[in-house]
Amino acid sequence: MKVLKFGAAWCPGCIIMGPRWKEIEAEHSWLQTEYYDFDKDKEAVEKYNIDDTLPTFVFLDKEGNEFLRLNGEVEKEKLIEIITQNKDK
């Protein structure tokens, strides 16, 4: 499983989610994540049809297929629950 994180410097929710994701990544070292800046990474933004509702988190399975998309501030516990339940995808 991989999580694509889309955010921007001007996004208040992205600033809140940054440290939250750092904690999750430290606690789940096996988790693959990639961060894309909405204003700079236009190719990825277009590929995944990201609009300016940020932050956006795209969950991909081992084959690279999207199985979940979340927007906005998400509680750490909710993210850990999703990550744990889908670890083997």
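Helices (H or I, at least four residues) and strands (E, at least two) are DSSP runs, numbered from the N terminus. Val45, for instance, has its place in helix α2. This is a predicted model, in which local features need pLDDT of at least 70 and side-chain atom pairs count only at pLDDT 80 or more, while totals for chains, interfaces and linings use all residues. Residues are numbered from 1 along each chain as its sequence is written, and side-chain values use heavy atoms, with hydrogens and water left out. An open sheet of four strands, in the order β2-β1-β3-β4, has mixed pairing.

**The sheet**

- Two strands pair if DSSP finds at least two bridges between them.
- The edge strands of the sheet, β2 and β4 (66-71), each pair on one side only.
- Neighbouring strands of this sheet are turned by 15° against each other on average, direction ignored; axes here are lines fitted to C-alpha atoms, for helices over the stretch in contact, and angles run from 0 to 180 degrees between N-to-C directions.
- Six bridges join β1 and β2 in the parallel sense, and Leu4 has Glu34 in β2 as its bridge partner.
- Five bridges join β3 and β4 in the antiparallel sense, and Phe59 stands opposite Leu68 in β4.
- The hairpin of β3 and β4 has five residues between the strands, and Gly64 there takes a positive phi near 85°.
- Strand β1 is largely enclosed by the rest of the structure, because five of its six residues are buried; buried means under 20% relative accessible area, exposed over 50%, and partly exposed in between (1.4 Å probe, protein chains only).

**Helix α1**

- Helix α1 (residues 12-27) has 16 residues and reaches 24 Å from its first C-alpha to its last, close to the 22 Å expected at 1.5 Å a residue; the expected span is 1.5 Å times one less than the number of residues.
- At Gly18, α1 bends by about 25°, and a proline, Pro19, follows within four residues; the bend at a residue is the angle between axes fitted to the seven residues ending there and the seven starting there.
- The helix lies across β1, β2 and β3, and runs at about 160° to β1.
- Buried residues in α1 are Gly13, Cys14, Met17, Arg20, Trp21 and Ile24.
- The cover over these buried residues of α1 includes β1 (2-7), β2 (32-37), β3 (56-60) and α3 (76-85), where contact means heavy atoms within 4.5 Å.

**Aromatic pairs**

- A pair of aromatic rings is described by the distance of the centres and the angle of the planes.
- Rings of Phe, Tyr and Trp (its six-membered ring) pair if their centres lie within 6.5 Å; planes under 30 degrees apart count as stacked, over 60 as edge-to-face and the rest as tilted.
- The structure holds five aromatic pairs.
- One of them is stacked: the ring centres of Phe6 and Tyr36 lie 5.2 Å apart, with the planes at 25°.
- This pair ties together parts that are 30 residues apart in sequence, because Phe6 lies in strand β1 and Tyr36 in strand β2.
- Phe6 is buried, with a relative accessible area of 1%.
- The pair of Trp21 and Phe57 is tilted, because the ring centres are 5.3 Å apart and the planes stand at 55°.
- Trp21 in helix α1 and Phe57 in strand β3 are 36 residues apart, so that pair links distant parts of the chain.
- Trp21 counts as buried at 2% relative accessibility, and Phe57 is buried with a relative accessible area of 2%.
- Ring pairs also link Phe6, Tyr36 and Tyr48 into a cluster.

- Val45 is buried, with a relative accessible area of 6%.
- Not counting residues up to four places away in sequence, Val45 touches Phe6, Asp37, Phe38 and Ile50.
- From C-alpha to C-alpha, Val45 and Gly7 are 10.0 Å apart in space, and they are 38 residues apart in sequence.
- Most residues other than glycine have a negative phi, and most peptide bonds are trans.
- Asn49, found in the loop between α2 and β3, has a phi near 50°, a positive value in a residue other than glycine.
- Asn49 counts as exposed, at 63% relative accessibility.
- Pro55 lies in the loop between α2 (42-47) and β3, and a cis peptide bond joins Leu54 and Pro55, with omega about -5°.
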